[in-house]
Amino acid sequence: MNISEPIRLLLFLAGIMAFVGFNAAYLVWVERKGAARFQRRPGPTEVGFAGLLQPIADALKLLSKQVIVPPTSDAILFRLAPVLVMSPALMCLAVIPFGETLVARNINIGLVMVFAFGSINVMAIMLGGWASRNKYAVISAARVVSQDVAYEIPMLLVVITLLMVTGTMDLNQIVRQQAGWFWHWNLFKLTANPLMPVTFVIFYICMLAETNRAPFDMAEAESELVAGAFTEYAGMGFGVFFMAEYANIVVGCSVATVLFLGGWQSPIGVWSGPWWFLLKMYFLVFSVIWIRWTFPRTQFYGLLNLSWKILIPVSLFTLVLSSIMLKLF
Amino acid sequence: MNPFPGAGILAFIIFCVCVATTVAGGLLAVFTVRIIRSVCGLALCCIGLAGLYYFLHSPFLALMEILIYVGAVCVTIIFAVMLAEPEENVSREGRARDLVWMVSAVLLAGVVFYAVSRLGLSGPWPAPPAPPGDASVKAIGISLLTTYSLAFELISLVLLVAILGALVIARSGRTKP
């Protein structure tokens, strides 16, 4: 296709924003429907067919509400935090390859880009909690930091393990290496590292913790902290935080799909394309929702112990094992 | 990918935005009285700096700047601020001494700025800067462990000193009655 560069970039910009917005809106619907089905009730049914217009109605309600900035809060940071929590997800999606040519900007260090901008997320939630000047929000902010710092380490260790196997940080290149049948995916690359499925599980757990999803949703533990860092936010300020949570889930699942599940490659070797990427990504997203409504919230000490006592040693072991395998074979 | 018409102007505008972000972040970090805002200024400054690195054909360094300085260092600083002092008590004492410090700091900053810019503009550079590599893992690893191994080891020395300093401060606080 002969589209000039600025028009292509604008198209991708609009496309990514639409993708994120659509996902954030409709994953809320999926979450509510899924939660309802797991609990044997119908979920939203009133607005539109099977409640399909519910997210639009919610958004309109949130938009029409007054955005209240508490007088004791730090007004600038308070308003800045929702923007800051949403924008990294948009930046990350710019380098995710949806298909062989369907990628906004294919840079050869795409993996670093995703993790660099992903790390801003912590700061955004923390600033939101801090600027609120609310005891619950500050506790939540402190929890977010200790949790995300704890889980960033095993996540990066796992990614380094994978990096040693692939030898490139170009996300599209990583996907191309996984062509063919599904046992060519990095998840099943047992000849490179026999513990590859374990690294995927560690990555998945860390992703759950980084996106603050149950069973690790310490930041907004409703029964203890009202709504955590978002307690003081009203109207669309809260709505943006809510959207950002789903946007981050989409980014996390996309990265997991690209790194471990072969991205846009077909599992049977033919008809590769973006549809496979979306299928795998939405399967992971569904599993995230599934886990949320299946497992209860863990204790905070349990959460930190899991990271420092189990995940970090295991991921270090996979790292060493992978380097030994790399040297021997 | 050939440049489209107006690309030069657009690049210049983005460059100006990067410079403005860096300077504004630095000024915010220095001039605000709320410590949390000065950390935010530091983060802003780092993001602007990352943009400048990108203009210098080193995207890896730019992303590392964001990953390490914004993602790790600023988060750690904010965490420390949170643990240390929940309320800001701005004391307005000792204005004369403040003035002396300010003048000396400005003088020192001016001298450093002059020296660095003079060195950068007219200094005899023994070797031309390394050509921008392909920024692959392999190239970065090789250059870190061969060409720049001395700098790499020296940086680890800095970290060692930092750890020792942290230990000393923590121990002295603990043993004090």
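This is a short tour of a predicted model, stop by stop.

**Stop 1: the core**

Start with the largest nonpolar core, which has 111 residues. Select Leu171(A), Phe203(A), Leu259(A) and Phe260(A): these have the most contacts inside that core. Now color helix 10 of chain A, residues 236–260. This helix gives the core its largest share, 13 residues.

Zoom in on Leu259(A). Which residues does Leu259(A) touch, leaving aside those up to four places away in sequence? Show Leu111(A), Val159(A), Leu162(A), Leu171(A), Ile174(A), Gln178(A), Asn186(A) and Phe203(A). Two of these names, Leu171(A) and Phe203(A), were also on the list of residues with the most contacts inside the core.

**Stop 2: helix 2 of chain A**

Select residues 54–64 of chain A, which form helix 2. Which residues of this helix are buried? They are Gln54(A), Pro55(A) and Leu62(A). Look along the axis: these residues cover an arc of only 95°, so they sit on the same side of helix 2 of chain A. Turn to the other side of the helix. There Leu60(A), Leu63(A) and Ser64(A) are exposed.

Next, bring in the neighbors. The buried residues of helix 2 pack against helix 1 (5–38) and helix 10 of chain A.

**Stop 3: Phe182(A)**

Move to the loop between helix 7 (171–176) and helix 8 (196–210) of chain A, where Phe182(A) lies. Is Phe182(A) buried or partly exposed? Its relative accessibility is 37%, so Phe182(A) counts as partly exposed.

Phe182(A) touches both, not counting residues up to four places away in sequence. Then pick Gly269(A) and draw a C-alpha to C-alpha distance from Phe182(A). The two are 87 residues apart in sequence but 7.7 Å apart in space.

**Stop 4: the cysteines**

A disulfide is a covalent bond between the sulfur atoms of two cysteines. How many disulfides are there over all chains? The count comes to 0.

Select Cys92(A) and Cys253(A). The closest cysteine sulfur to that of Cys92(A) is in Cys253(A), but it is 13 Å away, and therefore too far for a bond. Cys92(A) is buried, with a relative accessible area of 2%.

Finish in chain B with Cys45(B), which is in no disulfide. Its nearest cysteine sulfur, that of Cys46(B), is 5.7 Å away. Is Cys45(B) buried or exposed? At 19% relative accessibility, Cys45(B) counts as buried, because the cut-off is under 20%.

Notes: Residues are numbered from 1 along each chain as its sequence is written. Chains are lettered from A and ligands numbered from 1 in the order in which they are written. This is a predicted model: local features need pLDDT of at least 70, side-chain atom pairs count only at pLDDT 80 or more; totals for chains, interfaces and linings use all residues. Side-chain values use heavy atoms; hydrogens and water are left out. A nonpolar core is a set of buried Ala, Val, Leu, Ile, Met, Phe, Trp, Tyr and Cys residues joined through side-chain atoms within 4.5 Å. Buried means under 20% relative accessible area, exposed over 50%, partly exposed in between (1.4 Å probe, protein chains only). Helices (H or I, at least four residues) and strands (E, at least two) are DSSP runs, numbered from the N terminus. Contact means heavy atoms within 4.5 Å. The arc is that of the directions from the helix axis to the C-beta atoms. A disulfide is a pair of cysteine sulfur atoms within 2.5 Å.
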